[in-house]
Amino acid sequence: MSSKLSEPSHHLAVSGGPTIRNGKRFPSWPQYDEAERTALSRVLESGKWGVAGAETEAFEKAFALYQHCRHCVTMVNGSLTLRNALLAGNPETGSEVIVPPYTFLATATSVLEANCTPVFVDIDPDTYCLDPRQLEAAITPRTRAIIPVHLGGQPAAMDDIMRIARQHHLRVIEDCAHAHGAEYNGRRVGSLGDIGSFSFQSSKNLCCGEGGAVVTNDDELAEKCWSIHNCGRVRDGAWYQHENLGSNYRLSQFQAAILNEQLKKLDAKLEIRQRNAAYLNEKLAQIPGIRPLPRKRETTRHGYHFYVFRYDAKVFADVPRNHFLQALAAEGIPASAGYTTLIYKYPFMQKKQFWTFTGWRQARPDLDYARTACPVAETAAEVEACWLSQVVLLGAREDMDDIVNAVAKLYEHRHELHEFSLGAQG
Ligand SMILES: Cc1ncc(COP(=O)(O)O)c(C=O)c1O
């Protein structure tokens with residue numbers, strides 16, 4: 001009798017069994033110390049809180065250098081940096097811009113807000129970044145630019161993308177929102193294309209609450225971005241000398257002060273993430289039905305804004321991803337499904353409800369996103385991708401072991417997981 005009673009009826013936490021983590025917490029984000037506090041006080045007491053202060057100047061210099069570029073212009077966020085980088089290239093109304101669909105909304109909506117037309121090209125199943133093999137087929141006489149996203153921090157296939165872009169005279173705007181400090185064959189992202197766009201929104205690996213920046217080695221693009229972000233002014237011009245259409249997209253000195261301190265700590269944190277991700281790559285790959293996205297040879301430094309592994313429900317007794325993730329959460333592991341809706345599938349995209357941004361009508365009156373199909377991205381978004389955030393990757397080795405043990409536990413007890421899933425489906 002006693003042996004029967006002591007045998008737990010359920011192994012999985014989601015079914016009432018014991019958890020792997022037992023309430024232990026992963027690190028929290030954002031992280032700061034006395035350095036940020038002192039920097040904020042310094043700005044407060046300086047009385048110079050806004051335009052053209054020492055903090056933005058210092059950060060722009062340091063961040064340009066860090067990303068292997070000559071110029072950096074900080075802005076209010078990483079959505080407007082994309083739009084303004086596009087505008088700085090002065091594309092004709094309606095011009096087509098190639099984007100991946102598996103990314104944050106802004107990669108494509110920035111194109112619409114520049115009065116251009118986003119054209120979606122599928123992703124590579126091994127990187128989830130824009131697939132260069134599919135680029136040529138999407139290029140038309142109206143194509144003017146490509147926006148590759150360095151998804152999760154792994155640089156896109158920039159050699160192939162740049163070769164094709166140069167052949168067709170297209171500008172390349174790198175969306176580096178996930179990839180601060182990432183390197184492709186030893187070169188930092190943002191310096192590989194014509195211009196790079198970064199976000200410093202609060203979840204990002206380099207953050208100040210809200211913020212963004214463009215970096216470039218192109219003097220002319222840098223000047224145009226500077227003018228657009230500063231009400232159309234020109235450097236060395238008078239305060240009310242507005243020579244271009246621009247607006248106020250400037251970062252405050254408080255934000256830049258935080259960035260100056262956070263930038264000093266970025267490399268050390270990137271190293272921790274690289275180490276933990278390498279460990280997860282090795283261990284998770286040994287579990288049937290789990291395939292981490294491989295780290296490419298060209299990725300000499302991964303940005304690891306998040307860690308992606310692919311989940312195969314067939315190997316897990318046909319348990320859908322959402323129930324797998326729910327069970328993982330019950331074990332204490334905060335994984336997510338990431339982007340579950342591709343950009344072209346949002347109802348406002350399918351109905352083309354784009355406010356006054358109707359430039360697409362001139363170039364593509366036939367535009368119909370309901371006919372767009374990117375099967376690799378659809379699989380990633382709808383059934384396969386699982387993400388661990390950069391914060392989780394800052395944990396200790398034992399935290400990584402807990403992740404591996406939790407996934408292995410779900411595999412071992414996949415039939416119990418299947419029972420839970422059936423019950424959850426009602
Ligand atoms: C790939 C990508 N591009 C652009 C952005 C936009 O940045 P922001 O939130 O600073 O506007 C984000 C932010 O989440 C992003 O993940």
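Two residues are in contact if their C-beta atoms, placed from the backbone, lie within 7 Å. This is a predicted model: local features need pLDDT of at least 70, side-chain atom pairs count only at pLDDT 80 or more, and totals for chains, interfaces and linings use all residues. Residue numbers start from 1 along each chain, as its sequence is written.

**Stop 1: the helix pair.** Select helix 4 (residues 80-88) and helix 8 (residues 219-229). Helices (H or I, at least four residues) and strands (E, at least two) are DSSP runs, numbered from the N terminus. Look for Asn84, Ala85, Leu87 and Ala88 in helix 4. They meet Leu221, Lys224, Cys225, Ile228 and His229 in helix 8.

Now view the axes, which are lines fitted to C-alpha atoms, for helices over the stretch in contact; angles run from 0 to 180 degrees between N-to-C directions. The two helix axes come within 9 Å and cross at roughly 125 degrees.

Stop 2: Select the open sheet of seven strands, in the order 1-9-8-5-4-2-3, with mixed pairing. Two strands pair if DSSP finds at least two bridges between them. Strand 1 (71-75) and strand 3 (117-120) stand at the edges, each with a single partner strand, so one side of each has no neighbour in the sheet. On average, neighbouring strands here are turned by 25 degrees against each other, direction ignored.

**Stop 3: strands 8 and 9.** Select residues 195-199 and residues 212-216. These antiparallel strands are joined by four bridges. Find Ser199: opposite stands Gly212 in strand 9.

**Stop 4: helix 3.** Select residues 54-66. Helix 3 lies across strand 1 and strand 9, and runs at about 130 degrees to strand 1.
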